[in-house]
Every structure is written in C-alpha cells, then in structure tokens.
Amino acid sequence: MSLETQIQNQSERFQNLFDSLSHTQWSESALPEAQAQLAACQNQARVIQEKIDKFNAAAEKEYKRLIDVKGHGVKHVWYKIRGKLEQRVDEQEKIWLKEFEKCNEEEERLTVVNNQIRSAQSYLQQCHQAFEEYTHSKRTLDDLLERYFSGTTPSHPDEDVMEENLKKAKTYLITLQHNYRLFLHVCQLLQKAHQALSSCLHALNDALNMNTFDMFSNSSFADIAVNSYLATARNMSAQAQQFIMEARRVYPNIPHIGNLHVQQDNLIFNLMFDNIFTDMHMRSKIRDSLNRISHAERVLMNVETEMRQRLQQCEIDMNRTRNDVSQLSTEHFNARVNIVKNIIDAPPPYSAI
C-alpha cells in the first residue's frame with residue numbers, strides 16, 4: 001500500500017488533529033503572557049496590601065496616643081505647657097482622617113486588583129487547558145507522522161533530506177552536551193586544585209614569615225607553629241596533585257597538563273625540625289618549595305583558563321545547535337504536515353468509464 005493511500009485511509013484522524021492544533025495554537029504564546037499578567041496583578045496587590053497594613057499599624061498607634069492625650073491629667077499638663085490642647089488635637093485628628101481617606105482609596109484599589117487577579121487566574125486556567133490539548137495533539141500528530149514518514153520516502157526526497165539533517169543536528173547536540181558536562185567537571189577539579197595550591201602557598205609564606213620574624217628565637221612554640229604550617233602545605237599540595245590527576249583521568253586531552261606536576265620536597269613537608277628559626281639552610285629549602293609551588297600555580301592558571309575557554313565555546317555551540325535543532329524540528333514537522341494536507345486535499349484520480 002502506497003504512502004498516499006495509507007494517509008488517505010487516516011484522513012479523518014489527521015483532519016481532527018489539524019483542527020485541534022488550529023483551535024489551540026494560540027495558547028502557545030498566550031500562556032506566558034497570561035502568567036506574566038497574573039504575576040503583575042499579584043505583585044500590585046501585595047504592594048497595596050503592604051501600604052494598608054502599614055497605615056493600620058500607624059493608625060492604631062496614633063489612635064491610642066490621641067486617647068491618652070485627651071485624658072484629664074494629661075490635658076491639664078499639656079494646656080499649661082503647650083497652650084490650647086483641643087486645637088492641637090483637632091489638627092492631628094484632621095491629618096489622621098486624611099490619611100484614613102487615603103487608606104480607603106487603597107482598599108478600593110485592592111478590591112479592583114483582586115477582581116483582576118481572579119479574571120487573570122481564570123484566563124490562565126483556560127490557557128493551561130488549551131495548551132495541554134495543543135501539546136497532546138501535536139505529540140499525537142508527530143507520532144503519527146513518524147509512523148508514515150520514518151525512513152526513506154522516495155516520493156518525497158526533500159523530506160528525507162530534512163529528516164537526515166535533523167538527525168545529524170540532534171547527534172551533534174548530544175555530543176556537545178556530553179562535552180559540556182565533561183569540561184565543566186574538569187574545570188571544577190582544576191578550580192579545586194588551584195584553591196589547594198593557593199592554600200599551600202599561603203601556608204609556606206606563613207612559615208617563612210615566622211622564620212624571618214623570629215630568626216633568633218629559641219621558642220619551641222614557634223617551632224611547632226612552623227611545622228604546623230608546613231604540614232598544612234604538605235596536605236594542600238597533595239590535594240592539589242590528586243585533583244590534577246583526577247582531571248587528567250577524566251579528560252586526558254587537557255592542554256599543557258603534561259607540564260603540570262606539583263613537586264613536593266619531603267625534607268620540607270614531612271619532617272619535624274629543631275631550632276628551625278636559626279637554620280638558614282632550612283629557610284632556603286622553604287623558599288625553594290615556595291618557588292616550585294608558585295610555578296605550578298602559574299601553569300595551573302594557564303591550564304584552567306584554556307579549559308574555561310573551551311567550556312564557554314562549547315556552551316555557545318551547544319546553545320546555537322539547540323536552536324538549530326528546534327528550528328529544523330519545526331520546519332520538518334511543517335513539511336510533513338503540508339505533504340499530508342496536499343495528499344488529503346488532492347482530487348481523486350480520473351477514471352474513464
């Protein structure tokens with residue numbers, strides 16, 4: 001049975017799906033607009049309610065104060081010190097009444113906005129229902145089209161070309177998504193290694209600075225402090241090397257990674273010292289380790305920078321390809337729909353009697 005005959009046999013089903021899409025397609029653009037409109041009304045209602053609540057709290061406080069001021073004892077004292085109490089209180093009451101009128105206006109506005117919210121909610125519900133029908137009909141139609149057009153369709157070579165291009169774009173997008181996750185993981189590992197090296201350098205500097213400051217000290221506490229710094233440096237350098245090795249394992253093609261190795265001086269990192277402050281040779285060893293770690297950090301910064309550039313470029317390519325896939329999918333879907341419509345609307349073949 002030819003493709004055209006199969007489609008003609010399903011013409012009623014196709015037509016029902018076309019009609020459903022035609023009646024509900026408006027919801028695709030209307031739904032986000034309805035959501036934004038509802039959110040705007042709700043935000044407006046929240047602002048108005050905050051004004052009303054603020055006024056009510058101030059009004060309650062002012063009301064209590066006026067009652068207290070009008071008390072007999074207070075009135076007598078106020079009159080003696082400030083002059084005519086009733087005139088002042090009346091002026092304050094007038095101000096309060098004006099503010100009360102403003103509050104009533106805000107409450108009226110809130111009533112209007114609440115009505116708008118109810119209307120927006122009702123419209124949003126309609127949009128949701130129409131959009132659900134639209135997506136369901138489109139998915140059903142897409143599955144039906146895939147059943148008839150999947151693979152080679154010699155009578156419609158252009159559709160075959162579009163199908164092949166779409167498959168290539170989707171495959172490329174999957175590759176880019178995989179690379180993005182990979183590059184992101186590697187960048188995170190390199191960042192952790194960089195942080196560990198920075199901590200190592202900080203600890204070595206602390207040890208060297210203490211050595212310089214207390215060069216002529218015989219304090220055992222100072223020896224312990226320096227050894228603590230060196231132990232921290234040892235641990236941080238080991239962590240950095242572990243992160244670098246893990247990054248190399250995950251992605252062996254990291255640029256310049258072969259030039260990166262965190263060298264550890266066992267004499268500096270793994271031994272406890274006596275009279276370390278007066279040992280100039282030991283200070284030189286610490287400085288040498290500091291220089292090596294500084295070099296490793298500079299190399300790591302270059303590696304990390306290049307990997308982040310690869311990550312950014314991969315993200316750009318991934319977003320562009322995702323847009324291409326979306327556009328190709330739409331064009332392919334529309335092409336199949338047009339083919340089906342043309343087949344259904346085609347006049348029956350002429351037959352001579």
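These notebook entries record what I looked up in a predicted model of one protein chain.

**Entry 1. The whole chain**

I began with the secondary structure. The chain has 9 helices and 0 strands. Read along the sequence, I wrote the pattern down as α-α-α-α-α-α-α-α-α.

I next looked up burial for the chain, which has 353 residues; 35% of them count as buried. The chain exposes about 22100 Å².

Is Tyr 134 buried or exposed? Tyr 134 counts as buried because its relative accessibility is 6%, and the cut-off for buried is under 20%.

Which residues does Tyr 134 touch, not counting residues up to four places away in sequence? I listed Leu 21, Thr 24, Gln 25, Ser 27 and Glu 28. For Leu 21 I also looked up the separation: Tyr 134 and Leu 21 are 113 residues apart in sequence, but 5.6 Å apart in space, C-alpha to C-alpha.

**Entry 2. Lys 54 and Cys 103**

I looked up a second pair. Lys 54 is found in helix H3, which covers residues 27-69. Lys 54 has a relative accessible area of 66%, so this residue is exposed. Along the chain, Lys 54 and Cys 103 are 49 residues apart, and their C-alpha atoms are separated by 9.8 Å.

**Entry 3. Glutamates of helix H5**

Helix H5 spans residues 85-149, and Glu 106 lies in it. I checked the burial of Glu 106 and noted 17% relative accessibility, so Glu 106 counts as buried. Leaving aside its neighbours within four places in sequence, Glu 106 is in contact with Ile 48, Lys 51 and Ile 52.

I then looked at Glu 105, which is also placed in helix H5. Glu 105 is exposed, because its relative accessible area is 51% and the cut-off for exposed is over 50%.

Which residues gather in a patch of negative charge on the surface? I noted Glu 101, Glu 105, Glu 107 and Glu 108.

How many salt bridges does the count come to? I recorded 9. One of the pairs I looked up is Glu 146 with Arg 336, whose closest N and O atoms are 2.8 Å apart. Glu 146 lies in helix H5 and Arg 336 in helix H9 (residues 280-345), so this pair ties together parts that are 190 residues apart in sequence.

Glu 146 is partly exposed, with a relative accessible area of 35%. Arg 336 counts as buried, at 2% relative accessibility.

I looked up Glu 304 and Arg 308, whose side chains meet in a salt bridge of 3.7 Å, N to O. These two residues are 4 residues apart in helix H9, so they are separated by about one helical turn. Glu 304 is buried, with a relative accessible area of 10%, whereas Arg 308 is partly exposed at 29%.

A further salt bridge joins Arg 320 and Asp 317, with the closest N and O atoms 2.8 Å apart. Both residues lie in helix H9, 3 residues apart, which I noted as about one turn of the helix. For Arg 320 I recorded a relative accessible area of 41%, so this residue is partly exposed. Asp 317 counts as buried, at 14% relative accessibility.

How values were computed
Residues numbered from 1 in each chain as written. Predicted model: local features only at pLDDT ≥ 70, side-chain atom pairs only at ≥ 80, totals over all residues. Heavy atoms only, no water. Buried < 20%, exposed > 50% of the residue type's maximum accessible area, 1.4 Å probe, protein only. Contact = heavy atoms within 4.5 Å. Patch = residues over 30% accessible without salt bridge, like charges linked within 9 Å, V, L, I, M, F, W, Y side chains within 5 Å. Areas by Shrake-Rupley, 256 points an atom, 1.4 Å probe, with all protein chains shown as cover. Salt bridge = Lys/Arg side-chain N within 4 Å of Asp/Glu carboxyl O. Lys, Arg positive; Asp, Glu negative; His and termini not counted. Charge placed at Lys NZ, Arg CZ, Asp CG, Glu CD.
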